[in-house]
Amino acid sequence: MNSSVVKDPMKVTQEVLPDSQVGLEIEISPEMSQKTHDQVLSKLMRTVNVPGFRKGKVPRPVFLQRIGVAQFKAAVLEELVQSAVDQAIKQEKIEAIGNYQLKSSFDDLVNQYEPGQILTIAAAVDVPPRVTLKQYKGLSVQAEEILPDLERVDKTLKQHQNNMATLVPIEDRAAQMGDVVVVDFIGKIKTDAGELEEFTGGSATDFQVELEAGRFIPGFVEGIEGMGLEESKDLEIAFPDDYSQADLAGKPVVFSITVKEIKEKELPDLDDDFAQEISEFETIEELKASLEKRYIDEAEQSTKANKDAALLEALVEHLEAEIPNTLVQREVDFLLTQTIMQLSRQGIDVNKLLTRDLIDNMRQQARPDAIARLRRTLALGEVAKQENIAVEEGVLEAKVQSTMADIEDPSQIDPDRLVQVLQEELLQEKILAWLENANTIELVPKGSLQPKDENASPVEVDAVAADTTSDADNLVEVEAVTDTPEETAVSQGDESSVATPSEDSRLASTEEE
C-alpha cells in the first residue's frame with residue numbers, strides 16, 4: 001500500500017482551503033483498489049479465527065460470510081484511504097502536519113467501493129501556517145518604565161525586624177497601636193428584629209491581634225486601642241458594605257471584647273548581627289547593597305519585559321496568519337499538560353480532581369491563550385526568516401555547557417529538550433533585540449497605560465499569623481527567584497503557590513477582593 005503499488009502517478013487535484021489546509025481529490029486506480037483488496041483479504045484470512053477451519057484454510061465465500069461483506073469492505077477502505085492519502089502527500093510534496101481528515105462520507109465510500117474499480121476520495125490535510133507580516137520595522141510603541149523603589153530596602157528590613165521582634169508583656173499602661181494583644185471576643189449580629197445573635201466564625205478565645213490600622217474590618221483594631229489589661233467592653237461597629245459574605249455585608253455587629261494580655265514589641269537593632277541572622281552577608285551594609293541591586297535589577301527586567309510585550313503586541317497587529325487546528329490543539333495540549341503538572345507539584349491529586357468535563361472545560365479556556373501564543377511565535381519567526389536571524393552554533397553550545405555545569409542531577413534533564421529550550425530562548429532574545437533597534441519605544445510612567453480602577457483599594461494583610469511579605473520571605477536568598485532552563489527542560493510551566501485563608505478570615509479586611 002505504498003507508492004510502489006501504482007507505477008503511474010496518482011491523479012490528485014489540490015485545493016487551497018481556509019485555516020491553512022489543503023484539500024485533496026484523489027483518484028484511486030483500479031490496480032491499487034484491487035491490490036489493496038487482495039492484501040487485506042489475505043491478511044485477515046490468516047489471522048481471523050473461523051470455527052471448523054484452520055487459519056488460512058477458510059474458503060473465501062465462507063470467510064466473507066462469517067466476517068460480513070460490509071465490515072470487510074470497511075477494513076479495505078481504511079487501508080486504501082490511508083495509503084492513497086500518504087502517497088498523494090508524498091507525490092505532491094505537501095508539507096502535511098498531523099493526520100488527514102476524510103471529507104468524503106465513509107459510509108458512501110463503503111457502498112461505492114468495488115475492487116478493481118476507480119474510486120475517488122476527498123480529504124484535507126493541515127499544512128504549516130500561511131503567514132504574512134505586513135510591517136515589523138518602523139513601528140512606534142509605548143511601554144511602561146518601572147523605576148526601582150529603593151524604599152523597599154528599608155521596608156524589607158523593617159518587616160524582618162518586626163518579624164524578629166521580642167514580645168514583652170506590659171501591665172502598667174493601656175494597649176496602643178503597634179502592640180500585640182491577646183483577647184477573647186464574642187461577635188453578635190443585629191437581626192432584622194433588632195436582637196443580637198451570635199454568628200458562626202465571629203467569636204474566638206486567646207486570639208492574638210497586632211494593633212495596626214487596616215488589618216481587620218474597620219473599627220475592630222481601633223476599638224481595642226486604649227483598653228487596659230483585663231478590661232472588657234462592647235464594641236459596636238459594622239461590616240463593610242462590600243464584605244465578601246453577603247449575609248454579613250453592611251450589617252451592624254457588637255463584639256464583646258476582653259483584653260487578656262498586652263505585649264510590646266522590642267525590635268532588634270539593624271546591625272551586622274541582624275544581617276548575619278537573616279542572610280548570608282556579614283554586614284548590614286552588604287545586605288542593603290545586595291537588596292538595592294536586587295530591586296534595581298528587578299525594575300530593569302520589568303521594564304524590558306514591558307518593552308518586549310509592547311513590541312510583540314504591535315507585531316501581532318500586523319500579522320495575517322491562518323493557523324491550522326492541528327497546531328492549536330498541540331498548543332492547547334501543551335498548556336493543559338503544564339497546568340496539570342503545576343497542580344501535581346503543589347501536592348494536588350490530579351487523578352481525583354480532573355474529570356472529563358473539567359478537562360474539556362480547561363481545553364476550551366486554554367484555546368484563546370494557545371492561539372495568542374502561536375501568533376506571537378509566528379510573528380517572531382517571520383521576522384527571523386525575513387532578516388536571517390539565527391543562533392550561532394558556538395553560542396548555543398556555550399550556553400548548553402554553562403547550563404549543564406550548573407545542574408546538580410543531569411539524569412533529571414532531557415538533553416535534547418534542554419538544547420531546544422535554550423535555542424528558542426536565545427533566538428527569541430536575538431529577535432527581540434533586533435526589533436528594539438528597528439523600532440521606536442517610548443517609555444512612559446508606570447500605570448499610565450493601564451486602565452484606572454477608581455474602586456481599587458490597597459491590599460490588606462489577613463492576620464498577625466499571616467503577616468509576612470514576599471520581600472521578607474525571599475530575603476535570605478537576596479536574588480529574585482526565576483525559572484531556570486534546566487527546570488524548563490524537565491517541565492515547562494511556572495510554579496505558583498496555593499493561597500489559603502486564615503482562621504480569622506471573617507474579620508479580616510476584604511478590600512482586595
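**Exercise 1.** Find which elements cover the buried residues of helix 1.

*Solution.* The cover over the buried residues of helix 1 includes strand 2 (21-28), helix 2 (60-67) and helix 3 (69-91), where contact means heavy atoms within 4.5 Å and buried means under 20% relative accessible area with a 1.4 Å probe, protein chains only. Helices (H or I, at least four residues) and strands (E, at least two) are DSSP runs, numbered from the N terminus. The buried residues of helix 1 are Met32, Ser33, Thr36, His37, Val40, Leu41, Leu44 and Met45.

This is a predicted model, in which local features need pLDDT of at least 70 and side-chain atom pairs count only at pLDDT 80 or more, while totals for chains, interfaces and linings use all residues. Residues are numbered from 1 along each chain as its sequence is written, and side-chain values use heavy atoms, with hydrogens and water left out.

**Exercise 2.** Determine how the rings of Phe185 and Phe207 are arranged.

*Solution.* Rings of Phe, Tyr and Trp (its six-membered ring) pair if their centres lie within 6.5 Å, and planes under 30 degrees apart count as stacked, over 60 as edge-to-face and the rest as tilted. The whole structure holds 10 aromatic pairs. For Phe185 and Phe207 the centres are 5.5 Å apart and the planes stand at 90°, so this pair is edge-to-face. Because Phe185 lies in strand 8 (residues 180-190) and Phe207 in strand 9 (residues 196-210), the pair ties together parts that are 22 residues apart in sequence. Both Phe185 and Phe207 are buried.

Definitions and conventions. Buried means under 20% relative accessible area, exposed over 50%, partly exposed in between (1.4 Å probe, protein chains only).
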